[in-house]
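Colleague: I should be grateful if you would take me through this structure, one point at a time.

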Amino acid sequence: MAHEAVAERQRWKRARFAVAAVFCVHGAVTGSFATRIPWIQDHAGVSAGQLGLALAFPAIGASLTMPLAGAVSHRFGARNALRGLLALWTLALVLPALAPNLLALCGALFLYGAAAGLSDVAMNALGVETENRLGRSIMSSLHGMWSVGTLIGSAGGTLAAHLGTDARLHHALAAAVLTVLGLIACQGVLDLRSTPDEEAPPRFALPPKSAVIIGAVGFCAVFAEGASLDWSAVYLRDELGTSAGLAAASTTAFALTMAVARLVGDRGVDRFGAVRTVRWGGVLATGGGLLVVLAPHPALALAGFGLIGLGVAVVVPIAFAAAARSGPRPSQAIAGVATITYTSGLIAPSAIGAVADATSLIVSFGLVTALAFGLILGAGVLRSARAEQPAGASGDRSASESTV
């Protein structure tokens, strides 16, 4: 019995590395796409305003299709569903670069976002189940691996752009490589299948109330993250008069801070629990926001953005984990939280711009600070009998594992 227990735990550990590789592949697609947006804009012949409209379609596609992920996993099993959905996502990378005009670009980005959202829900559901089996937090580091994948994809895209490579060729090659890597990684994830007597989830369902409440916490974090990523450079340049180089460096530094914090964030979750980790993250993010708003010198503002990144980095992984343990249908709950956070990421940049146009960027980041304070007030919604218990002690599961 002891030997079997050790062997099974080793399988779970291998499953953890496999799902981490899946997160990395998923992030690499995003990084590969983001670096070639200027080429795609020129190829499609769209203006900056039209590009902004088109870039809303990935979030729209993701939000509309995420609720379908649970039904897909129920029908095909978690491993097969992830294998297919991740392949759809990696192959969807080729679509935007093929678009010859605005209408085609919007359609391509809608399909790109739909594939992103479906695979996102599937891999997060498997990540939570792997966390449950291991008995310790891993969701933060999994999202950290997504950030690592984004950086890797961005590096490849930057090199391709520097060499003047046609984005259609670049993305075709990247899609082929990432599809193969994704299929290999999926071989090692948990193979979860529905029990024969388990009722099939609805093909499309609104998120449960628990997911909406938890998603509100994620909304605050993603809003602060999106605002800082998209507007930190502009803030430093326009409000504090920094050079273009220093202003641009703030975005890179913020992204790296997020990645590092997520990679090590599981230790904090295991030691302090989800509620206290998010609450102290809110304290850091609120302090960072105040530092940005009140900073008389660029160095202090940079430090403030860094604190915002540290504070919000682990909130979304914790929200996904809490949602999955809040009810009998993890995929449906995760889809609900993911839809809310995607919506936050969609509206944050434009909301900051609208407030800045009406008042100033300082007031805009006052709004960011207020939402960061909301993490302190709202962290308690992550406390539940299932969300706060040790990860390995979860009780009933909605799916059974056939093989690993």
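**Pocket and helices**

Modeller: The model is predicted. The lining of its largest pocket comprises 26 nonpolar, 14 polar and 4 charged residues.

Colleague: How much space lies in the largest pocket, and which residues lie nearest its centre?

Modeller: The space amounts to about 1,800 Å³. Nearest the centre of the largest pocket lie Thr-30, Trp-146, Thr-150, Glu-225 and Leu-229.

Colleague: Is Thr-179 buried or exposed?

Modeller: Thr-179 belongs to helix α10, residues 167–186. Its relative accessible area is 12%, and the cut-off for a buried residue is under 20%. Thr-179 is therefore buried.

Colleague: Which side chain makes a polar contact with that of Thr-179?

Modeller: Beyond its neighbours within four places in sequence, Thr-179 is in contact with Ala-87, Thr-90 and Leu-91. A polar contact of 2.7 Å joins the side chain of Thr-179 to that of one of these residues. The partner is Thr-90.

Colleague: How far apart are the end C-alpha atoms of helix α13?

Modeller: Helix α13 covers residues 298–312, which is 15 residues. At 1.5 Å a residue, the helix should therefore span 21 Å. The distance in the model agrees with this expectation: 21 Å.

Colleague: Which residues of α13 are buried?

Modeller: The cut-off is a relative accessible area under 20%. The buried residues of α13 are Pro-298, Ala-301, Gly-304, Phe-305, Gly-306, Ile-308, Gly-309, Gly-311 and Val-312.

Note on methods
Residues numbered from 1 in each chain as written. Predicted model: local features only at pLDDT ≥ 70, side-chain atom pairs only at ≥ 80, totals over all residues. Heavy atoms only, no water. Helix = DSSP H or I, 4+ residues; strand = E, 2+ residues; numbered from the N terminus. Expected span 1.5 Å × (residues − 1). Buried < 20%, exposed > 50% of the residue type's maximum accessible area, 1.4 Å probe, protein only. 1 Å grid on protein atoms, 1.4 Å probe; cavity = no way out; pocket = protein on both sides within 12 Å on 5 of 7 lines; lining within 4 Å. Points joined across faces, edges and corners; volume = space filled by probe spheres on them. Nonpolar A, V, L, I, M, F, W, Y, C, P; charged D, E, K, R; others polar. Polar contact = N/O pair within 3.5 Å; in protein donor to acceptor, adjacent residues only side chain to side chain. Contact = heavy atoms within 4.5 Å.
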